[in-house]
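Here's a quick briefing to read with the structure open beside you.

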Protein chains: 2
Amino acid sequence: MIIVKIGGGATINLKGIVQDLAELNEPFIIIHGANALRDELARKLGIEKKVITSISGYASVFSDEAAIDLQMLAYAGLRNKRLVELCQQHGINAVGLCGLDGKVIQGRRNQGIRIIEKGKRRIIRDFSGKPKSVNKELLELLLAHHYIPVLAVPIIDEENFAINSENDDIVAVLQQALRAEKIIQLIESPGFLADKDDPTSLVKNLSVHELITREEQVEGRMKRKLLAIRKLFEASQTTVFISDGRTAHPVQDALAGKGTIIQ
Amino acid sequence: MIIVKIGGGATINLKGIVQDLAELNEPFIIIHGANALRDELARKLGIEKKVITSISGYASVFSDEAAIDLQMLAYAGLRNKRLVELCQQHGINAVGLCGLDGKVIQGRRNQGIRIIEKGKRRIIRDFSGKPKSVNKELLELLLAHHYIPVLAVPIIDEENFAINSENDDIVAVLQQALRAEKIIQLIESPGFLADKDDPTSLVKNLSVHELITREEQVEGRMKRKLLAIRKLFEASQTTVFISDGRTAHPVQDALAGKGTIIQ
């Protein structure tokens, strides 16, 4: 079993990825992003990203209903279905699902953010949260019948609302359930970079132990990403390939070790 | 088994429909439209409907790539996933699929339209076609495991391209495969009207024989719709309920005979 995470950047070579996946002799599942498409659509629709600042001074994106609508349009809609179409054209019998479908990715909604509004303290709650479990039975049912699940956000919360979540965290929850031998993450970069601004600083190999050291050296989003990668090793032994999604053969290149291999 | 077709009009009471469906004691599948949502999105995105005129003088909508993108955004994306969310909130374990997913609705692409362009005759082909078959195994697999399929366009053609198709025709193909005892069609009208411009002209009961007579009396889109309804009776005995999707309890009302019953 392989979990394939496809980044949502504009320069990701989806066709090359699907061509490579069609050659695999192992079952796999796909989870994909669509952030470039989402941003483009938001711009065209005039929907602005809402950012709120908590009392503690921490700024974060506020996922209101319109943000979830946008996610359904871009991730679960256009990107998911065009990717499924591409899979079908290459002989992969894909079934595209968002986390709501059959409750395939279940999460817990964030409790809310403390803000000060018109001089008063209040808590506002958006539609975002953390994935907690997957519907393993549904995924295995599909795989057993030779369907390839192609997953996207939004996911479903404990009260059956659609919520936004990070794909890195979803991969970790998928791995807890599926215990894949390989996890391939295809991004807009040659792999894990020692210096994020220097594309020649590719780190070819990392141990889980080194991952912890790196985690202590970085900040913000990268720290969260590294933490999510470390979680992948908690459920069972696996190999994580972080590799360039922009090449002619992204999956072949990843498995051949052209990016970063973590084990 | 019940097939429930939900119209894509702006005034359809989706919540009322889902509340009613949650009370049913029979398995069912849903197929839904999203035309009002699609038109609204097209307007916001500045995408204009392309209409072309054939040599024979017949005008038709041309489904180019942008039209299919729009369908994936509105039908398979936003409407499908919000409807799945609503189902989950009412205890219905829905799985939203478009026709591409697991090739669940397969069709044949239209051959093209003869036009004259710059004085020359040529054939242009769009992404539209007729549904021909369904992946009955996938639908039955989901139903057997208590998942409710929630279907939407686009469907998949013989070369694995996404194509547009009429929901009326898809219902007919579904019925050939599933032989449902009841087919409920929820629309923005009290039911089948003797005079389409007079909402008080509701026809309460129709026999299949009367359907043929009516078919001969009408034109255009309505003729196509009646033909599609007549096809529903070809596979097996069934009862078709055409009823108002705007009431507080659209499904209850339909089954209680408040709209049109055809048998």
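In chain B, the axes of helix H1 (residues 14–22) and H3(B) come within 9 Å of each other and cross at roughly 45 degrees. That angle makes H1(B) oblique to H3(B). Keep in mind that this is a predicted model.

**Helix packing in chain B**

- Looking at handedness, H1(B) goes past H3(B) in a right-handed crossing.
- On the H1(B) side, the residues involved are Leu14(B), Lys15(B) and Val18(B), and they meet Leu83(B), Leu86(B) and Cys87(B) of H3(B).
- Sort the residues of that contact by class and you get five nonpolar, no polar and one charged.

**How the two chains are related**

- Turn chain B by 180 degrees, with a shift of 0.0 Å along the axis, and it can be laid on chain A with an RMSD of 0.0 Å.
- That's the relation of a two-fold axis.
- Which residue of chain B comes closest to the rotation axis? It's Gly77(B), with its C-alpha at 1.7 Å.

**Where the chains touch**

- The contact involves 30 residues of chain B and 30 residues of chain A.
- Three elements of chain B each supply at least two residues to the side that touches chain A: helix H2 (35–45), helix H3 (65–89) and strand E5 (94–98).
- H3(B) gives the most to that side, with twelve residues.
- By class, the side of chain B that touches chain A has 15 nonpolar, eight polar and seven charged residues.
- Why can we say that the copies meet through the same surface? Because 100% of the interface residues of chain B are also interface residues in chain A.

**The sheet in chain A**

- Eight strands of chain A form an open sheet with mixed pairing, and the order is E5-E10-E2-E1-E13-E15-E16-E14.
- At the edges sit strand E5 (94–98) and strand E14 (205–206) of chain A, each pairing on one side only.
- Strand E15 (residues 239–244) and strand E16 (residues 260–262) of chain A run antiparallel and are joined by three bridges.
- For Phe241(A), the bridge partner in E16(A) is Ile261(A).
- Helix H3 (residues 65–89) of chain A packs on this sheet, where it touches strand E2 (28–32), E5 and strand E10 (148–152) of chain A.
- The direction of that helix makes about 155 degrees with the direction of E10(A).

Methods:
Residues are numbered from 1 along each chain as its sequence is written. Chains are lettered from A and ligands numbered from 1 in the order in which they are written. This is a predicted model: local features need pLDDT of at least 70, side-chain atom pairs count only at pLDDT 80 or more; totals for chains, interfaces and linings use all residues. Copies are superposed by least squares on the C-alpha atoms of residues with pLDDT of at least 70 in both. Two residues are in contact if their C-beta atoms, placed from the backbone, lie within 7 Å. Helices (H or I, at least four residues) and strands (E, at least two) are DSSP runs, numbered from the N terminus. Ala, Val, Leu, Ile, Met, Phe, Trp, Tyr, Cys and Pro count as nonpolar, Asp, Glu, Lys and Arg as charged, and the others, Gly among them, as polar. Axes are lines fitted to C-alpha atoms, for helices over the stretch in contact, and angles run from 0 to 180 degrees between N-to-C directions. Angles under 35 degrees count as roughly parallel, over 145 as roughly antiparallel, 65 to 115 as roughly perpendicular and the rest as oblique. A crossing is left-handed if the near helix is turned anticlockwise from the far one by less than a right angle, and right-handed if clockwise. Two strands pair if DSSP finds at least two bridges between them.
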